[in-house]
Amino acid sequence: MILDVADEHKTPHLSKTDRMILFLFELGICTREQLEVITGWSTNQINGAIRRIRATADNPDEWVTSWRPRQNKPSVYALGSEGMAYARELRGEFSEDARRKRPPRGQVHHFVGTNQILVRLIRSGLNVQEWMSGKGVSVWLYNELLTRVEPGKPEPKNSPYRPDALVRVNGVSFLVEYDTASEPSPRLMERFSRAFDLSVMMPLPPILFVTVSERRCEEAARALERAIERYPERDILGSRIPDILFCTEGTEVDFLRTYLETCGTPLRLVR
């Protein structure tokens, strides 16, 4: 995934411009600082790659676009429709209905906040071995479901649950949810219920639920309790409920360290 794209030994065939397009595809919407930390590139290398991509296009914004979401916030970067199409071709994905779909600008805070979790984990010195963005982890979960379809049973159309990311730290996988506190409690209950639907179909690693405040953590924990109480197949759900770990943004590094040290090794999913 994105860490493989950054490793020239693992992906020697990619040019700098191709790597930049794939970085932006995986991150959705990101800041230059996030690109520097995640890629290990210098500011000049990042600026040069973006300039080269835009210089070869008749309409540069159709390849890479940037804007300032608020006056006191740094500029963010995202692929345009042509950049999205080219990224999907690099990845061997050729679905016409989705290949040019841009990331929604209204979700800029969600994309940047999710990416910042990865930035903090990299800066912490923890052994971050893998990071899948929402698109990648959804495809992976669907493929995992396919391997569990019983003979004669219909194949699933997609995964009922789509986390924001998957991270593997020190050999242990966690699904990642980043919450901006913009959703009401019923939507949180629905999200947890979809995670339960998937956990009934296949074992899930712990879910790291990162949000903006302690108050929102408490609200999310109450929504989780209500989702468990109202789940229609509680007798089947039973012990299959994954660990759901609530923490505020900026504390996830210490939280994960403590969790791994005190709780032993959680469920590992090997691809």
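**Strand residue and surroundings**

I looked up I207 and found it in strand β7 (residues 207-211), where strands are DSSP runs of E with at least two residues, and helices runs of H or I with at least four, numbered from the N terminus. I note that this is a predicted model, in which local features need pLDDT of at least 70 and side-chain atom pairs count only at pLDDT 80 or more, while totals for chains, interfaces and linings use all residues. Residues are numbered from 1 along each chain as its sequence is written, and side-chain values use heavy atoms, with hydrogens and water left out.

I207 counts as buried at 2% relative accessibility; buried means under 20% relative accessible area, exposed over 50%, and partly exposed in between, with a 1.4 Å probe and protein chains only. Leaving aside neighbours within four places in sequence, I listed its contacts (heavy atoms within 4.5 Å) as Y161, L175, E177, A195, P242, D243, I244 and L245. Of I207 and E177 I noted a C-alpha to C-alpha distance of 7.1 Å, although they lie 30 residues apart in sequence.

**Sheet**

I then traced an open sheet of three strands in the order β1-β3-β2, with antiparallel pairing, where two strands pair if DSSP finds at least two bridges between them. Its edge strands, each pairing on one side only, are β1 (30-31) and β2 (64-67). Two bridges join β1 to β3 (residues 76-79), and T31 has V76 as its bridge partner in β3.

**Cysteines**

I counted zero disulfides, taking a disulfide as a pair of cysteine sulfur atoms within 2.5 Å. The sulfur of C217 is too far for a bond because the closest cysteine sulfur, in C247, is 6.5 Å away. C217 is buried at 7% relative accessible area, and C247 also counts as buried, at 4%.
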